Amino acid sequence: MKHPATSKTRGNSNSNVDVDIISYKYSTNAEDDLRQIRNLFVDGMEINNSPAEYIRKSLQADLKHADSMNATYFSGRGEFLMLSEEEEEEVEEEEENNNSAILSSPPSNNNGCNNGDQGDSSAKRRRIRSVKGIVGLQDISTTTGTNKHKSKDWETSEHPNLCELRRMSIHSSCRRLGYGAKLVRECISHAKGSKFDGIKVFTGAWMEAAIGFYTKMGFEDKGRLEYANGDGSSVTLAHLELIF
């Protein structure tokens with residue numbers, strides 16, 4: 001995997017923005033990136049009507065702080081990827097005199113993804129990086145895995161050398177641009193390069209679009225299971241696997 005960006009491509013067909021897929025491991029601003037990761041996760045879960053208790057527990061687990069991210073995704077052979085766009089924002093005249101990073105360039109639409117809108121070419125602008133997609137790969141293998149705390153009831157696969165795809169989310173303003181497919185392809189490439197036998201994923205059984213997306217990416221639907229929330233309730237999850 002390249003350091004720090006795993007790939008670079010263009011944005012949507014109407015955009016000239018570069019899109020990077022970057023490992024959180026090589027983040028130069030881990031605190032701000034984690035803030036964006038947490039906000040993006042909540043955005044994706046709320047749009048898909050995920051239980052509030054599940055969201056709360058997730059924010060207090062692997063997404064709690066940099067140490068929990070590193071322990072979950074980088075102690076073994078895992079990974080956590082951020083798909084980001086470079087966006088521009090207008091700078092006040094006062095600030096311009098003190099900021100050498102400001103660019104003189106056409107403005108872009110800052111409401112979500114860059115749509116390549118043209119405006120006053122003389123406007124002073126600076127570039128900011130915005131996380132638009134996230135996905136984690138947790139090493140759950142029986143040898144180097146980081147999920148030793150999970151019960152045997154949760155081990156639904158006959159394959160002992162898998163990683164689990166987790167926290168997949170694309171910003172609501174950037175759906176249907178192929179960003180999800182880009183992230184999953186990077187995950188597949190990382191998993192193969194790290195000598196895993198495959199990837200498994202759990203997603204809400206009610207998320208038909210997500211299940212359809214994973215099956216189109218080559219995952220096999222393995223059925224449904226119940227996941228208990230901390231408040232006494234439970235949700236039904238779809239279990240999918242991609243074996244290489």
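How many residues does the largest nonpolar core have, and which of them have the most contacts inside it? In this predicted model, that core has 28 residues. Those with the most contacts inside the core are L165, L183, V184, I199, Y214 and F219.

**Nonpolar cores**
- Beyond its neighbours within four places in sequence, L183 is in contact with I21, L81, L83, G133, I134, V135, M168 and I170.
- A second, separate core has 18 residues, among them Y24, L63, F80 and M82.

**Helix 2**
- Within helix 2 (residues 52–59), the buried residues are E53, I55, S58 and L59.
- Helix 1 (30–47) and strand 6 are included in what covers these buried residues.
- A salt bridge joins the side chains of R56 and E53 (2.7 Å, N to O).
- R56 and E53 are 3 residues apart in helix 2, so about one helical turn separates them.
- R56 is partly exposed, at 45% relative accessible area, whereas E53 is buried, at 16%.

**Other salt bridges**
- The whole structure contains 7 salt bridges.
- D139 forms one with R77, their closest N and O atoms being 3.6 Å apart.
- This pair links distant parts of the chain, with D139 in strand 5 and R77 in the loop between helix 3 (66–73) and strand 3, 62 residues apart.
- D139 is buried, with a relative accessible area of 0%, while R77 is partly exposed, at 21%.
- A network of salt bridges links D62, R166 and R167.

Notes. Residues numbered from 1 in each chain as written. Predicted model: local features only at pLDDT ≥ 70, side-chain atom pairs only at ≥ 80, totals over all residues. Heavy atoms only, no water. Core = buried A, V, L, I, M, F, W, Y, C linked by side-chain atoms within 4.5 Å. Buried < 20%, exposed > 50% of the residue type's maximum accessible area, 1.4 Å probe, protein only. Contact = heavy atoms within 4.5 Å. Helix = DSSP H or I, 4+ residues; strand = E, 2+ residues; numbered from the N terminus. Salt bridge = Lys/Arg side-chain N within 4 Å of Asp/Glu carboxyl O.
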